[in-house]
2 protein chains.
Amino acid sequence: MAEHSVTVENTLQTLLNDKKYSTIRDILVTMNPADIAAVFAGVEPEKLPLLFRLLPKELAAESFVEMESEEQEALIKGISDKELRQVMDELYVDDAVDIVEEMPANVVQRILAQADPEMRKEINEILQYPENSAGSVMTTEYVKLTPGMTVGDAILRIRRTGVDKETIYTCYVLENRLLVGTVSVKSLLLAPSDLQSIDSIMETNLITVTTHTDQEEVAQMMSKYNLLAIPVVDGDNRMVGIVTFDDAMDVIEEETTEDMEIMAGMTPSDKTYLRSSPFDLFKHRIPWLALLMISATFTGMIISSFEEKLAAMVCLTAFIPMLMDTGGNSGSQSSVTVIRALSLGELEFSDLGKVIWKEIRTALICGAVLGALCVGKVMLVDHLFMGTEGVDLTVALTVGLTLSVTVLCAKLVGCTLPMLAKKLGFDPAVMASPFITTIVDALSLLVYFGLATALLHL
Amino acid sequence: MAEHSVTVENTLQTLLNDKKYSTIRDILVTMNPADIAAVFAGVEPEKLPLLFRLLPKELAAESFVEMESEEQEALIKGISDKELRQVMDELYVDDAVDIVEEMPANVVQRILAQADPEMRKEINEILQYPENSAGSVMTTEYVKLTPGMTVGDAILRIRRTGVDKETIYTCYVLENRLLVGTVSVKSLLLAPSDLQSIDSIMETNLITVTTHTDQEEVAQMMSKYNLLAIPVVDGDNRMVGIVTFDDAMDVIEEETTEDMEIMAGMTPSDKTYLRSSPFDLFKHRIPWLALLMISATFTGMIISSFEEKLAAMVCLTAFIPMLMDTGGNSGSQSSVTVIRALSLGELEFSDLGKVIWKEIRTALICGAVLGALCVGKVMLVDHLFMGTEGVDLTVALTVGLTLSVTVLCAKLVGCTLPMLAKKLGFDPAVMASPFITTIVDALSLLVYFGLATALLHL
């Protein structure tokens, strides 16, 4: 994709310089909105309105939706009120809301002024729902039917009103604003007769979300039930909108990126990597780095308190990185597995006992194998091959045993913390590797020095 | 969801024991296939056929598709050939392929024997495509139109053949088996006249994938272009099938889980967490743990070689965990960011220069701030407050400077390795935290001991 856009971009740049506008237009109309947006991202902001005016009305609006907020803002500032109104007329309400959310106040005012009164009202309503809720990502444009209609009536209704709807493929049957059923266009088209009544073919086994349902849960329900669109109802069970599959896919992508960022110890960012300045990246990375650096004071204190004994047997120091790293890796395996299962809805807090029991057994096998491997490695490499001073079988056994115990502790901490975080209403992803590494480091050092004191009579 | 299923499960178990089959049936028919599958997962395998027979034919097949392979296998073994044939008749080809791929050979033979000849042929064709390719996830059941048809003809064709198609909402216009356009049902329904010809309303600006395109790229294209279904063409550009949005959502979920597992140093698993035995988990976790444990020998060797100097200034040991952890955290921040951007297609190998330059600048800011913080912390906590022997301003500066340099190295390694891996055809996710931690550990120790030797005159 990216390579394709770059090439077109160069061609367009040359054509722009040569003022070959009709050729540019001919190229742009063969392209998809997402690709046009990618090309526009590489054009100087002051030339954007010029290019934008070359696009047919509908394609212009569709491409506008796909652009990043920087280009959108530059465009809005460069086009006339009339042109802005034409774009607004083509937009779906949920896309308009997405744009409004990213713009500075003065641009928002201009956008709202150019939206027709009904859309303005709907934008304002959607803006009131909490961020990341179903209400905030839904659209209010869907096909409404009533139970008394016939299949023929329904098709007629779709033909008359469908052009403005984000999807026509699932229609919603309402009675006094309450959702009583859904009808797919497939079942309308395949109905044996146009005279059949809607209530005889509608699906009454309904899957709905409320305006306050978290967007991630909405997307997961759509994936689980293979839904093209999911109806959103308010507290009184009245239907207020739908979330469509394309928004669900965006939500999944967004939430996955966010999870990965949090799991790697970063605060989540809205900007793509290439659009983030080094200072943006710094702001998202420094909080956890600083916090974890400071909290590593504890591991330092543990080592300090053992300093004298360590001075008596310096060879023990060499195994510290291996013990800490293996502990950290074991812990993050468990935490990432549990975090993912929690976010896919495969695990609940009530499974805590099962999870701990499973991790204990897994840790015992992993710990035994790693411990044995470690004893063998220490005896072969450090004792026989390198002849490191002070390393003998007792030291090897101490290190191996510490490793086994560390793996057990790490896996228990790794599986428990994310589940507790979820229970307490935090994002389990926060409990991923960096955080758990710090705890497991301290634990592994305590175990190491404890066992060393006991077994090596330090 | 899960809580809901558990409750229904208990009720059903009681009803099963009491042999209240008609009540069970009444409950099951109000449920969605995905929920029925979840309930069935909790029932003893030998009772599955009994429950399954209570379901109406279509719901039975839809629920069957949603089940995990264990239940599917138990069911296939427990039902008659005739019942199996009824299920097969209701299945879409791509779902049948998914099932066949998970079953042991003897069950596969029985399934294929009960599929009608055309489906058997299609299953066998799809099975030949490489795993994770578009060909292996596509379905061959889509609506075919020809350019000469009118809107009325097309609607008639959909009405006659649509019942067996996985989606009717996008229809494909073929000429000599080549794809020449797509028509949405929306445009058919909204067409001004039934007599309009298909080639006048079809979309000719086509987005296609080939049978060998990676499934992750397919899903990302569908998400990028907001497609309900994407056409799959063979090497000669002939249309062979479509991938639908529900499969794309499954692919995204699957690939994300796989990425997260690999990034946490595990080999990917097909089974959900609660279905994996401790031995399964062990098998997926031990390879990287063992490899990384062994490779930590290098860090041990670096420390060993510095042992004498370390014995002369034991207080330096206490800072090793902090330096290693902060380095590891910095590196994994960069690697995870780059891995995610690569997998979303936001970055290409050609961006390597840009990425390195961005990371250098970010690392300089992060390194400066962390280094300064660290010097302050060491002086305040270790020197003033705890009065640790040997810790003075020179030591604090040595540790702080090491930290800054480590952050720079870590971020460079973290951003470069995933991009190189991608270039060399490996999965960039392999280059995530555990791997990078091991490299960064060695680097940070080398920097630490180098700077200590120079600045502290050891």
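Two residues are taken to be in contact if their C-beta atoms, placed from the backbone, lie within 7 Å. Helices (H or I, at least four residues) and strands (E, at least two) are DSSP runs, numbered from the N terminus. The model is predicted, and local features need pLDDT of at least 70, side-chain atom pairs count only at pLDDT 80 or more, and totals for chains, interfaces and linings use all residues. Residues are numbered from 1 along each chain as its sequence is written, and chains are lettered from A and ligands numbered from 1 in the order in which they are written.

Chain B is superposed on chain A by a rotation of 180 degrees with 0.0 Å of shift along the axis (RMSD 0.1 Å), by least squares on the C-alpha atoms of residues with pLDDT of at least 70 in both copies. This is the relation of a two-fold axis. The same surface serves both copies, since 99% of the contact residues of chain B recur in chain A. Among the residues of chain B, Ala311(B) comes closest to the rotation axis, with its C-alpha at 3.0 Å.

In helix 12 (residues 151-161) of chain B, the residues Val151(B), Ala154(B), Ile155(B) and Ile158(B) are buried; a residue is buried if 20 or more other C-beta atoms lie within 10 Å of its own, exposed if 12 or fewer, and partly exposed in between, with C-beta atoms placed from the backbone. Seen down the axis of helix 12 of chain B, the buried residues fall within an arc of 100 degrees, so they line one face of the helix; the arc is that of the directions from the helix axis to the C-beta atoms. The cover over these buried residues includes helix 13 (185-190) of chain A, as well as strand 2 (167-175) and helix 14 (198-201) of chain B.
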